[in-house]
Amino acid sequence: MDPSQPANQLTNAMDGMDEVIKEFLVESNEGLDRFDHDLIALEKDKTSRELLDSIFRAVHTIKGTGGVLGYDKLVSISHLGESVLSRMRDGVLLLSPPIATALLAMADSLRHILEQIASSGQEGDSDCSPVLQRLSDVLKEAPPTAGKATAEGVSAPPAEAPDSDGAPRLGEILITSEQCKAGDVQAAVQLQEAGDPRPLGEILVDNRAVAPAGVADALKAQIEHHDLSSNTIRVDVGLLDKVMNLVGELVLARNQVLQFTGTQEDSSFLSTAQRLNLITTELQEGVMKTRMQPIGNVWNKLPRIVRDLSVGCGKRVEVQMEGAETELDKTIIEAIKDPLTHIIRNAVDHGIETPEVRVARGKSPDGRLMLRAFHEGGQVNIEISDDGDGIATEKLKAKAIAKGMITAEHGARMSEREVLNLVFAAGLSTVEQVSNISGRGVGMDVVKTNIEKIGGTVDVQSTSGKGTLLKIKIPLTLAIIPALVVSSGGERFAIPQVSLVELVRCEGEQAGHSIEDIQGASVYRLRGNLLPLVYLNRELQISPAQGAAQSVNIVVLQAGDRQFGLVVDDINDTEEIVVKPLSKQLKSVPCFAGATIMGDGRVALILDVLGLAQMAKVVSELREKSLADHGAKSTDNPDARESWLLFRIGTEGRMAIPLSLVSRLEEFPVSQVERSTGREVIQYREQIMPLVRLAQAFGHAAIADSELLQVIVYSSHGRSVGLIVNEILDIVDQRVAVQHIQDAGALQGTAVIQQHVTDLLDVPALLAQQHLSSERAVA
Amino acid sequence: MNMERQLCTFFLEGLFFGVEVEKVQEVIRYQEMTRVPLSPAVIAGLINLRGQIVTAIDLRHQLGLSARKSEELPMNVVIRRDDGPISLLVDEIGDVVEVDEQSFEHPPDTLDGQRREFIRGVYKLKQQLLLLLDTEKAMSVVGTRPA
């Protein structure tokens, strides 16, 4: 044992060094990410001193620390980069696309060297002369300026001399807040350098360069900055994961204790258990928060990707972001990184047109890519939209038919929305020319699978020629989820609450009648709709519990676009469960998403609802069946409680549309109606809005116009359509049971609302019928 | 050179097996198990090892031995692995035995095929033969034979 002692000490010393290098690597990589981001921002806002300083600082730090650690290559590359940047600061060079590309190439080669250092500890022998050459070419174009004064800028150059902890200097704060002139600060610093012992602020005040209050404010700002930087610490993710696991176990132990309280009557024990319960819940929330990261962390890498891509295919794309601060669990952030990148690539490569085409189509030459994220109902919504070409649905349909994914007859029956969802089918791409970026027909199906794997959903809307919108909904966290515990065949199973729609229990007599059989497939009539049933015992090949069941328990679940009923022996309770992955030996079993430990310490399996549905063939692999069967009512559950706008058309037609589709209710004088291309239109909010007379569209006898037209404005994608009705009746908020009718045309079906039979208008279908189908995207 | 290694030993249907001590995380008595429907038959189920969920592999099934009688409760030999521990179900636990590398021999050719691939070799102890289990093989699961 003894001989190993010195070796240990040696490795400890190495560990200490490793720590420094590790920190350097982390900081440098972060710096380079910021560099990319800020440089691309600077391309748009070429005069921003702030961005330029930030870029400069990133390179300068790498050069400085890299030099201390003896990484010569890093130093030589970043030194040249710094020279280029300092000429930009001097105003000798102005950022042009070639310079930006050269600087980005520099960042890439720095990254490459950092990777080498991370893996081997050495800089590696990759050839960095091309990058050096490019940078020196840039430098050659702009000779250095003669005067030192301008070269060094203000005597306290913000980038070169931040305080050691990164807080800005006093002079810097004063200049940026326009409290005093740069020249005065410079003069004061020169005095200091010449031996004046007074602090900078005092000199400035004495010289009457700045008001004392200004210095006080600046000092306060500086202190605040100090506080901010000392308020955060870097923590190893591994440690956070460990803490998270421990909290997970604490939650389990808490659940066990709580189960115990049921049989105890000792009041002090009960109150202690209660306190334990509360503290655990709060601790769990707190720890979850430490794992939350703003989605901006992933987004920040996207502008760079977009820039590279758009330069590569001669396009101009502007990226806009909204809600970058929206927070998500780290594991989810990681899981969506690749799908997001893929969607962005797709949008730039296929969606956005070249500037010439865009101008010819009357769009601005710069394509717009919009990223939005926001929280809603315990989920995070991410929307990615572009104003490009949109998806050519006819082409998509033809391709799917050609590939034998759907039949021609089936294709003819498909709604626009169903066709759009074909983009998620494997092996389908509408692009004739496969580029090296995307369009190989793999991709969108992988995007969908990856998002569904983390319990999310993805939906696409597109208007041909106008653009595409992808909506992603994902849960906030994966580690601890609410779940319904059911039992079948003596085993317990957990079902994630997100998939749960409702519970149905059929007692005794009723149970026999309500479940019917269609050629071996069991169905249940749920409020008039047929719900396919899946028996958990049968699917899992486990024997049912002893004793004839008196009742049937149906758990209605949502799998993708489809609902199905899962028949289980018993429904136990809902519980917060800690999701644990299954070992790789069990990966071949499709219907389990993981396992968890129940209050009594036993293991229960977590059902993978989508996997189970696929196994039971409720959701066919292509999903086309479910899409076709569901028709235009989409994923919206038509039975759900919703607000409806009731109106009258003709003399007695009662109709309703979901209030969510109504953008405004307006009254227009008849005289304002004009005609264009054989259609009635009206000028509305600086747009020409087409009008549709619903009475005529549905063959009701026209009645004489009153002076004022009642118009329901329906908007989608920034364009509006006015639906002329005869009278607005009411707005009701109720659960509506939709009766579907054959060949309903522009009707979704009928329902009884306020004791009257009411037709439910299907606006997208109506607009298609009226050849306003470019407006169809929002349904 | 006289190489010695320590083996954690156990019994399966009268056969004497050994696994390198370093690979064994712990040995525990019978744990309640949750069956995994539709899983390959060699997977006996999942156990709760102090909050960690561990897959248990029925070694008798894996080695093609006869099934254990239902009243006989197996013991768990928990094997350490990078991606989480795996438990091997055995009949009975033996001592930790020190073996001499010189007594090692490759498995005899006469050993029947299926069993042979799970055994790396044989230590000739005084009283009996000790079979060295190939843990990686023992923990591998091929196919998805429904239980």
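Modeller: A salt bridge is a side-chain nitrogen of Lys or Arg within 4 Å of a carboxyl oxygen of Asp or Glu. This is a predicted model, in which local features need pLDDT of at least 70 and side-chain atom pairs count only at pLDDT 80 or more, while totals for chains, interfaces and linings use all residues. Residues are numbered from 1 along each chain as its sequence is written, chains are lettered from A and ligands numbered from 1 in the order in which they are written, and side-chain values use heavy atoms, with hydrogens and water left out.

Biologist: Which residue of chain B meets A:Glu491 in a salt bridge?

Modeller: Between chain B and chain A the count of salt bridges is 2. For A:Glu491, the N to O distance is 3.5 Å, and the side chain that it meets belongs to B:Arg35.

Biologist: Which three residues supply more of the area that chain B buries against chain A than any other three?

Modeller: Contact (heavy atoms within 4.5 Å) takes 26 residues from chain B and 26 residues from chain A. The two chains bury about 2000 Å² between them, 61% of it on carbon and sulfur atoms; buried area is the accessible area, with a 1.4 Å probe, that two parts lose on being put together, summed over both. Of the area that chain B buries here, 29% comes from B:Pro37, B:Leu38 and B:Ile53.

Biologist: Which residue joins its side chain to that of A:Glu43 in a polar contact?

Modeller: A:Glu43 lies in helix α1 (residues 4-44) of chain A, where a helix is a DSSP run (H or I) of at least four residues and a strand a run (E) of at least two. Not counting residues up to four places away in sequence, A:Glu43 touches A:Leu95, A:Pro97, A:Ala100 and A:Arg307. A polar contact is a pair of N or O atoms within 3.5 Å, one able to donate a hydrogen and the other to accept it within protein, and residues adjacent in sequence count only if both atoms are side-chain atoms. At 2.6 Å, such a contact joins A:Glu43 to A:Arg307.

Biologist: Which strands stand at the edges of the open sheet of chain A, and why is one side of each left without a neighbour?

Modeller: The sheet has 6 strands in the order β21-β25-β26-β24-β23-β22, with mixed pairing; strands pair if DSSP finds at least two bridges between them. Each edge strand has a single partner strand, so one side is left without a neighbour in the sheet; these strands are β21 (662-669) and β22 (674-676).

Biologist: Which residue of β26(A) is the bridge partner of A:Leu691?

Modeller: In chain A, β24 (residues 687-693) and β26 (residues 719-725) run parallel and are joined by 3 bridges. The partner of A:Leu691 in β26(A) is A:Gly722.
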